[in-house]
Amino acid sequence: MATTPQVEAQETAEHPAHSVLVFEDVSLRFNGPPVLEKVSFKVKPAETRILLGPAGVGKSVVLKLANGLLRPDSGRIFLFGQEITKMPEHKLLALRTLTGMVFQESALFDSLTVRDNVGYQLMERHLPVDEIDGRVREALRFVELEHTYDMLPASLSGGMRRRVAIARAIIDQPQFLLYDSPTGGLDPVTSTTIDELIIKERDVYKTPALLVTHRLQDAFTMATHRFDTEKGGVVPLPHGTTNPETTFLVLHEGKLIFDGSTEGLVTSADPFLKEFLA
Amino acid sequence: MPIESLDTLAKRMLFAVQEFTLFCGEALANLFRAPHYWSDVVTQADLIGVGSIPIVVLTGFFTGGVLALQSAASLAQFGAQAYTGRFVSLSMIRELAPVLTGLMVSGRNAGGMASELGSMQVTEQIDAMRALGTDPMKKLVTPRMLSTVVMLFLLTIVSDTLGTAGGAFVAVVFSAQNGTQYFDSAYQALVFSDIIQGLTKPIFFGFIISLIGCYYGMKTTGGTQGVGRSTTQAVVVSSIMIILMDFLLSRIMLWVFPPM
């Protein structure tokens, strides 16, 4: 089931966009004013794009559109070079197995243990139990939660649930990661742990990602730090430098008002951006 | 009421009917599409079927008992007390066992399905399932539908048996009737069309309970309050639909198998 979209993704690698994700003039409204109006941006291979914006501006909607969980009213969305705007759900399901998504409130299956949550995708593919166990333990080791293997989500703290959700998203080595406010509602220490895991995933596995947050501190931590494999931890980049593969998008009143680098963001003359960053 | 509101209401109702029809169609079509979640079917059969046995046993037994109690007194006035078994078995098998079992299972399971799937919906677990490449209709809805249809059919047979037994208990203990005479009367009264009628209904009721429960669950919005609303709506709508469907099926059965 997982091999089909991989083949298709390779076949369409020469698509002009040559990007992991492309939004072309995407608009969407529910019952009321438009949530998104002609939003366009790209996520290139190995790139991490941080989507900023005030609460309720439609950031999570962008993530759900990116994964085909919602459909736009107009515009086009390409995922791995394939247009998903009108793709039938059964084809989308196969394509989604190539992505990993971390939901705002973790969205762990509360009736399943941590092992079954993390290994869900592997169990769906009917892999041997030993292989599932091994890969689940490896993913839990990555988020430093191996001891929670047999626990139920209800007995985990908010931060632990978020880390288990990251383990679930990365266990099948996705080709694209979507993070929906991974540090939302967490204390600063736990937020730092989550940030470090995301930086580790970015720098070790070079997985492209689209990350939604309204916490500027987390966003700038990701832009100004890197994972040091020798030290086994996150270290700051030299003063005045930022990670060139980590760039920003800012959404305001349904429109994308910024698309560029960290330097471009902090030096922007846009009055809203100045106020937002202050 | 302004014209616009009536217009909007009519559109919303039509849209709901369209959505429910598509939902049912997809759930049924998934029976013939891979992957099939057989382990979920068995789990749901245990929860829905085995879990409902106590209420079905109690309801069936006491309903049969009450029927015998009431009918024996009335039949005695005409010297026809020996027909108690016939009266109880016909009433239970043709009408009461399927309807009461349907209503009991509806109260217990339509609400349960709506609240379980509704909670999953509002906590984004359904979206997470889709994001992991699993079709929630195949994984959650179709196994519940299949389990409910099969188990309601079997539970109705249990209710038929217990209802007849309850009638026998009351007839023998309270009305001092002969047990053999009761069972002989009950058995002689039954014909093929009675059994068909009694066992066709639970199949339709099973579809109603599971599909309405799952539909309201999957369409839940509005947090925990929305889950409560979906649960109540699922129980109310499925109960009404069971009564309505019972009437329609009885009418059709009488047309197909006219009384001798």
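Here are some questions and answers about a predicted model.

Residues are numbered from 1 along each chain as written, and chains are lettered from A and ligands numbered from 1 in the order written. In this predicted model, local features need pLDDT of at least 70 and side-chain atom pairs count only at pLDDT 80 or more, while totals for chains, interfaces and linings use all residues.

Visitor: How far apart do the C-alpha centres of domain 1 and domain 2 of chain A lie?
Guide: Domain bounds come from an automatic or database domain assignment. Domain 1 of chain A is 3-98 + 174-277, and domain 2 is 101-173. Their C-alpha centres are separated by 23 Å.

Visitor: Which element gives the largest share of the side of domain 1 of chain A that touches domain 2 of chain A?
Guide: Helices (DSSP H or I, at least four residues) and strands (E, at least two) are numbered from the N terminus. On this side, β7 (176-180) and α8 (188-205) of chain A each supply at least two residues. The largest share, five residues, belongs to α8(A).

Visitor: How many residues of helix α2 of chain A are buried?
Guide: Buried means that 20 or more other C-beta atoms, placed from the backbone, lie within 10 Å of the residue's own. Among those that qualify are Lys59(A), Val61(A) and Leu63(A). Helix α2 (59-66) is mostly covered, and its buried count is seven of eight.

Visitor: Which elements of chain A give two or more residues to the side that touches chain B?
Guide: Contact means C-beta atoms, placed from the backbone, within 7 Å. Here 14 residues of chain A meet 11 residues of chain B. The elements are α3 (89-96) and α5 (120-124) of chain A.

Definitions and conventions: A residue is buried if 20 or more other C-beta atoms lie within 10 Å of its own, exposed if 12 or fewer, and partly exposed in between; C-beta atoms are placed from the backbone. Two residues are in contact if their C-beta atoms, placed from the backbone, lie within 7 Å.
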